[in-house]
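This briefing is meant for a reader who is meeting the structure for the first time. Please keep the sequence and the model side by side while reading the points that follow.

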Amino acid sequence: MSWSGWGDPARAAPLPEPVVGLLRDLLGVRPLDTPPVGLADITVPPSRLTGAARNAITLAVGGAAHVRTDAESRIRHTRGKSTPDLLRIRTGEVSDAPDAVVLPGRHDEVLAVLRTCAEYGVAVVPFGGGTSVVGGLAPQHAGRFVALDLRRMNRLITLDPVSRTATLQPGLRAPQAEALLNEQGFTLGHFPQSYEWASVGGFAAARSSGQASAGYGRFDEMVLCLTVATPEGTLEVGRAPRSAAGPDLRQLVLGSEGAFGVITSVTVRVRPLPETRSYEGWRFASFEAGTAALRRLAQDGPLPTVLRLSDEAETMVGLAKPDSLGSGPRSAGCLAIVGFEGPQIEVADRLFRSHATLREHGGEFLDAGPGESWARGRYTAPYLRDSLLDAGAFVETLETAAFWSGVPTLYESVRTALTTSLTAAGTPPLVMCHISHVYPAGASLYFTVVSAQGADPVAHWAPVKRAANDAIIAAGGTISHHHGVGTDHRDWYAEEIGPLGVKIMRAVKGALDPAGILNPGVLVPPDR
């Protein structure tokens with residue numbers, strides 16, 4: 001992955017001229033005065049690991065080849081991929097680079113590293129694909145810390161075709177996992193926007209939700225068993241598909257973001273490869289009308305595998321079709337993407353029945369073109385962000401979720417908070433939104449905001465992000481639907497779960513990580 005952007009740098013193509021003109025005329029975006037700093041020109045601070053600590057960690061992972069302290073390795077493991085993360089690293093700011101990158105190859109090596117680091121007071125940040133956008137890889141720790149890169153733990157351990165389950169190691173990247181399962185006729189069905197780079201362990205640690213969640217479910221719904229290494233020993237949870245044997249400790253690990261332990265294996269349910277896939281585009285006169293149609297499908301069916309709705313602004317720009325950005329219609333309306341996967345006869349039946357529901361709510365069928373365009377470009381948005389940053393724009397995303405009755409208020413509250421705060425700061429934005437995931441009881445909202453960068457874009461964004469977070473909580477939304485908590489959302493997460501919930505989280509942290517070395521400052525509010 002690019003050290004200063006997303007994925008393969010060659011895929012961050014220059015922006016189409018209509019987009020450049022829109023940015024200039026509508027938002028006042030101007031080209032950058034200076035280009036980003038080159039990798040070779042960045043100086044990392046000296047590693048703070050003592051000789052004794054480094055020797056002990058080296059012994060734990062079986063040799064010096066698996067402990068890296070060179071500048072490039074440390075830079076590539078500095079923070080995650082939020083826009084502030086990228087803006088800081090583009091200036092060469094790597095003061096919080098890890099002191100070393102450690103690459104264990106087995107569960108017992110992870111245990112040994114954690115025990116060693118607890119003994120020497122070295123913090124540990126588990127690292128999968130490095131795709132966190134909420135400060136999940138930016139610990140708040142004044143001392144030494146290492147990035148625990150799990151890339152060597154990248155096998156499909158077992159596949160049970162009778163139970164339709166697979167046990168995977170955490171460092172397995174999503175495309176690798178999918179390819180291994182496809183070879184045997186199965187799919188995980190988990191395709192988030194970070195798919196090309198994210199890891200299986202990261203999916204579990206962050207409660208990931210894929211773009212086909214309506215059909216395949218969220219990742220936390222797929223997980224049946226987990227093995228977790230902690231400084232206090234091994235935790236194994238999950239013995240059956242369902243159980244009444246007390247509270248489900250799997251749910252304690254899912255979404256824990258490395259603060260409670262390091263996931264070393266995940267058993268998930270898998271499904272047969274779909275016989276056919278069909279993606280279509282529909283237009284609605286308004287976001288309100290489209291939302292009503294999506295709610296009807298989510299509650300009464302037939303439920304599509306993929307179901308998304310862009311608001312008027314996102315439809316106009318064409319963000320729902322990244323491979324043809326800038327060619328969106330100038331007429332009013334909202335674009336919905338409706339996709340079905342499965343046996344051919346079943347897909348044909350569900351398509352037919354969905355058409356009746358969508359038309360009943362005012363939907364206009366646009367044919368398969370928009371759906372196929374979305375499917376082709378479904379992983380390109382992060383590359384588009386790189387291109388926007390190169391052009392001098394500021395672009396960031398945030399997401400939330402609410403019950404259906406609260407979605408309209410949440411939508412307006414967050415849009416207003418973003419627009420008002422950025423306009424007051426002298427950089428009026430373009431705020432776009434889409435419904436990205438649906439459930440019988442509610443839906444998630446995914447916002448994209450674009451503006452000029454301002455003199456100090458990181459400082460410029462901080463109060464805007466706070467305003468948006470405040471608006472989410474005030475409107476009754478959750479602070480995150482699928483990006484996670486990290487450090488960026490931690491204080492609002494504390495407000496969401498309340499004082500007793502915070503007390504419980506601290507108690508769990510204290511039981512599993514008494515020395516406080518695991519991703520300090522992430523997820524769990526400090527005891528002030």
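Are H4 and H17 roughly parallel or roughly antiparallel to each other? The model is a predicted one, and in it the axes of helix H4 (residues 83-90) and helix H17 (residues 457-474) come within 10 Å and cross at roughly 165°. Angles over 145 degrees count as roughly antiparallel, and H4 and H17 are therefore roughly antiparallel to each other.

**The contact of H4 with H17**

- Two packed helices are described by the angle between their axes and the distance between the axes.
- The crossing in which H4 passes H17 is left-handed.
- On the H4 side the residues that meet the other helix are Pro 84, Leu 87 and Arg 88, while H17 contributes Pro 457, Val 458 and Trp 461.
- Sorted by class, this contact of H4 with H17 holds five nonpolar residues, one charged residue and no polar ones.

**The sheet of five strands**

- Five strands form an open sheet in the order S5-S6-S10-S8-S9, and their pairing is antiparallel.
- The edges of this sheet are strand S5 (156-160) and strand S9 (233-237), each of which has a single partner strand, so one side of each is left without a neighbour in the sheet.
- On average, and with direction ignored, neighbouring strands of this sheet are turned by 10° against each other.
- Strand S8 (residues 223-230) pairs with S9 in the antiparallel sense over five bridges, and Thr 227 stands opposite Glu 236 in S9.
- Helix H5 (residues 107-120) lies across S8, S9 and strand S10 (262-269), and H5 runs at about 45° to S8.

**The sheet of four strands**

- Another open sheet has four strands in the order S1-S2-S4-S3, with mixed pairing.
- Its edge strands are strand S1 (67-68) and strand S3 (123-127), each of which pairs on one side only.
- Strand S2 (residues 100-102) and strand S4 (residues 145-149) pair in the parallel sense over three bridges, and Val 101 stands opposite Ala 147 in S4.

**The surroundings of Tyr 216**

- Tyr 216 is found in helix H8 (residues 213-216), and at 6% relative accessibility Tyr 216 counts as buried.
- Leaving aside residues up to four places away in sequence, Tyr 216 touches a set of residues that includes Thr 187, Leu 188, Arg 269, Arg 271 and Glu 341.
- Tyr 216 and Val 306 are 90 residues apart in sequence, and their C-alpha atoms are 9.2 Å apart in space.

**Backbone features to look up**

- Most residues other than glycine have a negative phi, and most peptide bonds are trans.
- Gly 301 and Pro 302 are joined by a cis peptide bond with an omega of about 0°, and Pro 302 is found in the loop between helix H11 (287-300) and strand S13 (306-310).
- Arg 164, which is not a glycine, has a positive phi of about 55°; Arg 164 is found in the loop between S5 and strand S6 (165-168), and at 41% relative accessibility Arg 164 counts as partly exposed.
- Leu 523 has a positive phi near 70° and is placed in the segment after helix H18 (490-512), where Leu 523, at 3% relative accessibility, counts as buried.

Note on methods. Residues numbered from 1 in each chain as written. Predicted model: local features only at pLDDT ≥ 70, side-chain atom pairs only at ≥ 80, totals over all residues. Heavy atoms only, no water. Axes fitted to C-alpha atoms, helices over the stretch in contact; angles between N-to-C directions. Helix = DSSP H or I, 4+ residues; strand = E, 2+ residues; numbered from the N terminus. Parallel < 35°, antiparallel > 145°, perpendicular 65-115°, else oblique. Left-handed = near helix turned anticlockwise from the far one by under 90°. Contact = heavy atoms within 4.5 Å. Nonpolar A, V, L, I, M, F, W, Y, C, P; charged D, E, K, R; others polar. Pairing = 2+ DSSP bridges. Buried < 20%, exposed > 50% of the residue type's maximum accessible area, 1.4 Å probe, protein only.
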